[in-house]
Amino acid sequence: MASPMVATPVQLRTSSTVRLSFSSSTPRRRFAAVRASAEAMATEKLGIKVERNPPESRLSELGVRQWPKWGCEKSKFPWTYSAKETCYLLQGKVKVYPEGHGEEFVEIAAGDLVVFPKGMSCTWDVAEAVDKHYNFE
């Protein structure tokens, strides 16, 4: 029986080849190569998708630098997403506690491209002042 995964890989568009390795008792599943010329890996945990340090080409493709900016000082506050939000953290460090998951959290920091789903209620615990670009869909 496989051990439970904390984070699930998801696909986001960029340009790279991704190689995944899986440990399994069956040799045919031991190694899998995923050819993803237009996709790179990100993780999803508690409904929040995080792509760590995406290349500038990915940010340009999304138009991140033209998105509005928002920031806050060290603080803790509740938030509900009335629409899907994609954001790129320029600076800061935050623990996001999605409602209904007890003390489980997702930590995001400068250099992360993050997607929050519409309807998510959570608490932001801002450990280091945040400056981010954001886009609501």
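**Figure 1. Overall fold of the predicted model.** Residues are numbered from 1 along each chain as its sequence is written, and side-chain values use heavy atoms, with hydrogens and water left out. As this is a predicted model, local features need pLDDT of at least 70 and side-chain atom pairs count only at pLDDT 80 or more, whereas totals for chains, interfaces and linings use all residues. The mean pLDDT, the predictor's confidence in each residue from 0 to 100, is 81, and 71% of the residues reach 70 or more. Over residues 1-39 the pLDDT is below 50; beyond near neighbours in sequence, this stretch has 66 contacts (heavy atoms within 4.5 Å) in the model. Among contacts in the protein with a separation of 6 or more, 72% are between residues 24 or more positions apart. The protein exposes about 8,600 Å² (Shrake-Rupley method, 1.4 Å probe; for residues, only the protein chains shown count as cover), and carbon and sulfur atoms supply 51% of it.

Figure 2. E51 lies in strand β5, residues 48-52. With a relative accessible area of 3%, E51 is buried; buried means under 20% relative accessible area, exposed over 50% and partly exposed in between (1.4 Å probe, protein chains only). The side chains of E51 and R58 are joined by a polar contact of 3.1 Å, that is, a pair of N or O atoms within 3.5 Å, of which, within protein, one must be able to donate a hydrogen and the other to accept it, and residues adjacent in sequence count only if both atoms are side-chain atoms. N53 is placed in the loop between β5 and α1 (56-62) and is exposed, at a relative accessible area of 60%. Leaving aside residues up to four places away in sequence, N53 touches A110, G111 and D112.

**Figure 3. The nonpolar cores.** A nonpolar core is a set of buried Ala, Val, Leu, Ile, Met, Phe, Trp, Tyr and Cys residues joined through side-chain atoms within 4.5 Å. The largest holds 18 residues, of which I48, V94, V96, I108, V114, F116 and W124 touch the most other members. Two or more residues each come from β5, β8 (85-98), β9 (106-109), β10 (112-116) and β11 (121-136). A second, separate core of five residues includes V64, W67, Y88 and L113.

**Figure 4. Aromatic pairs around W124.** The whole structure contains eight aromatic pairs, defined for rings of Phe, Tyr and Trp (its six-membered ring) with centres within 6.5 Å; planes under 30 degrees apart count as stacked, over 60 as edge-to-face and the rest as tilted. The rings of W70 and W124 have centres 6.1 Å apart and planes at 90 degrees, so this pair is edge-to-face. W70 belongs to strand β6 (residues 69-72) and W124 to strand β11, 54 residues apart. W124 is buried, with a relative accessible area of 2%, while W70 is partly exposed at 32%. F77 and W124 form a stacked pair, 6.0 Å centre to centre with 25 degrees between the planes. F77, in strand β7 (residues 75-80), is 47 residues from W124. One aromatic cluster is formed by W70, F77, W79, Y81, F116 and W124.

Technical notes: Helices (H or I, at least four residues) and strands (E, at least two) are DSSP runs, numbered from the N terminus.
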